Amino acid sequence: MKGRRPKLPKRVMMPGGWVSVRWKRHLKAGGVRCAGTYEWDRRRLSLDPALPPAAAWHTYYHELFHAALHDSGTHGRYKGKVRETLCDLAATARMREQFG
């Protein structure tokens with residue numbers, strides 16, 4: 001998966017409603033630079049445009065899983081590394097499903 005930035009949807013329907021998707025440079029979460037963020041109060045997912053295509057897709061799915069955890073009411077049940085590991089697991093499964 002080489003080349004230009006992937007064509008991701010501008011918004012995605014999730015169980016709790018629409019989530020907007022955007023590209024944004026210099027993302028931070030908790031004051032730390034990161035590849036993507038999900039703002040639950042705005043239902044907005046942001047990705048760093050400098051990501052290579054495979055990393056952009058993985059981060060997209062990772063952040064969508066944060067949205068799914070919020071929509072299911074379980075986001076607060078999982079903390080820190082456990083929550084991030086769950087999001088990575090879901091993103092990796094979706095990558096395998098979509099790209100083989």
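Predicted model: local features only at pLDDT ≥ 70, side-chain atom pairs only at ≥ 80, totals over all residues.

Reader: What makes a set of residues here a nonpolar core?

Author: Its members must be buried, under 20% relative accessible area, and joined through side-chain atoms within 4.5 Å. The largest such core has 15 residues, of which Leu45, Tyr60, Tyr61 and Leu64 touch the most other members. Two or more residues come from each of strand E1 (11-14), strand E2 (17-23), strand E6 (44-47), helix H1 (53-72) and helix H2 (80-99). H1 gives the largest share, five residues.

Reader: Which residues does leucine 64 touch, beyond those up to four places away in sequence?

Author: Leucine 64 touches Val12, Met14 and Leu45. Contact here requires heavy atoms within 4.5 Å.

Reader: How do you know that E2 and E6 pair?

Author: Pairing requires at least two bridges. E2 and E6 are joined by four and run parallel; they are therefore paired strands by that criterion.

Reader: Why are E1 and strand E5 (36-39) said to stand at the edges?

Author: The open sheet has four strands in the order E1-E2-E6-E5, with mixed pairing. E1 and E5 each have a single partner strand, so one side of each is left without a neighbour in the sheet. From one strand to the next, the twist averages 20 degrees.

Reader: Which strands does H1 lie across?

Author: H1 lies across E1, E2, E5 and E6, and runs at about 20 degrees to E5.

Definitions and conventions: Residues numbered from 1 in each chain as written. Heavy atoms only, no water. Buried < 20%, exposed > 50% of the residue type's maximum accessible area, 1.4 Å probe, protein only. Axes fitted to C-alpha atoms, helices over the stretch in contact; angles between N-to-C directions.
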